[in-house]
Amino acid sequence: MPNSVAITNTDHTAEGLKALAARCKDKNQSRRLRAIARVIEGEHTRAEIARQACVDRQTLCDWVNRYNARGADGLKDIQRSGRPPKLNAAQRAEVRRWLEEGPAAGVPSWTIVLVRERIAEVFKVTLSMEAVRTLMHSRGFWKL
């Protein structure tokens, strides 16, 4: 195919990539390795290989570029940075201290609602109920 990106990385043969894919614990990297092996074999069109891998041709082209640049390790999932947490480490430690010390007088136990309200009051940060529940669970408080 004249407009397709050529595989310039010669670290592995098609058989070597298939063997590597079989040993790979990361299913996404394994799928990408198998697709690159099929491209190297040249028995199918890139469109057919992309269809078999359940991606479009551009994604397959991106995989080829990643393989050419960084080899088999280039086909691992790319780490995403994600959204930064609303509470920093010191604030999370403060919440943990609250939970460990127990609630104020007259309150039998911490609830998600009470923790959420206290966080909003002290840190001026609004968290969802789910975020507070996750925070409490990560600190070992389950049945509140």
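A: Leaving aside neighbours within four places in sequence, serine 30 is in contact with Ala21 and Cys24. The model is a predicted one, and what follows describes that model. Serine 30 belongs to helix α2. Its relative accessibility is 4%, and because buried means under 20%, serine 30 counts as buried.

Two packed helices are described by the angle between their axes and the distance between the axes. For α1 and α2 the angle is about 165° and the axes are 8 Å apart. Angles over 145 degrees count as roughly antiparallel, and α1 and α2 are therefore roughly antiparallel to each other. The crossing in which α1 passes α2 is left-handed. On the α1 side, the contact is made by Ala14, Leu17, Lys18, Leu20 and Ala21. On the α2 side, serine 30 takes part together with Leu33, Arg34, Ile36, Ala37, Ile40 and Glu41. Sorted by class, this contact of α1 with α2 has eight nonpolar, one polar and three charged residues.

Helix α4 itself runs over residues 57–70, which is 14 residues. From its first C-alpha to its last, α4 reaches 20 Å, close to the 20 Å expected at 1.5 Å a residue. Its buried residues are Leu60, Cys61, Trp63, Val64, Arg66, Tyr67 and Asn68. An α-helix has 3.6 residues a turn, so residues three or four places apart point the same way. After α4 comes glycine 71, with a positive phi near 70°.

Another group of helices can be described in the same terms. The axes of α5 and α6 come within 12 Å and cross at roughly 135°. That angle makes α5 oblique to α6, and the crossing is right-handed. Helix α5 contributes Gln91, Glu94, Val95, Trp98 and Leu99 to the contact, and α6 contributes Val115, Arg118, Ile119, Val122 and Phe123. These residues divide into seven nonpolar, one polar and two charged. Both α5 (89–101) and α6 (112–123) have the buried residues of α7 packed against them. In α7, residues 129–138, the buried residues are Val132, Leu135, Met136 and His137. Just after α7, glycine 140 has a positive phi of about 90°.

Conventions:
Residues numbered from 1 in each chain as written. Predicted model: local features only at pLDDT ≥ 70, side-chain atom pairs only at ≥ 80, totals over all residues. Heavy atoms only, no water. Helix = DSSP H or I, 4+ residues; strand = E, 2+ residues; numbered from the N terminus. Expected span 1.5 Å × (residues − 1). Buried < 20%, exposed > 50% of the residue type's maximum accessible area, 1.4 Å probe, protein only. Axes fitted to C-alpha atoms, helices over the stretch in contact; angles between N-to-C directions. Parallel < 35°, antiparallel > 145°, perpendicular 65-115°, else oblique. Left-handed = near helix turned anticlockwise from the far one by under 90°. Contact = heavy atoms within 4.5 Å. Nonpolar A, V, L, I, M, F, W, Y, C, P; charged D, E, K, R; others polar.
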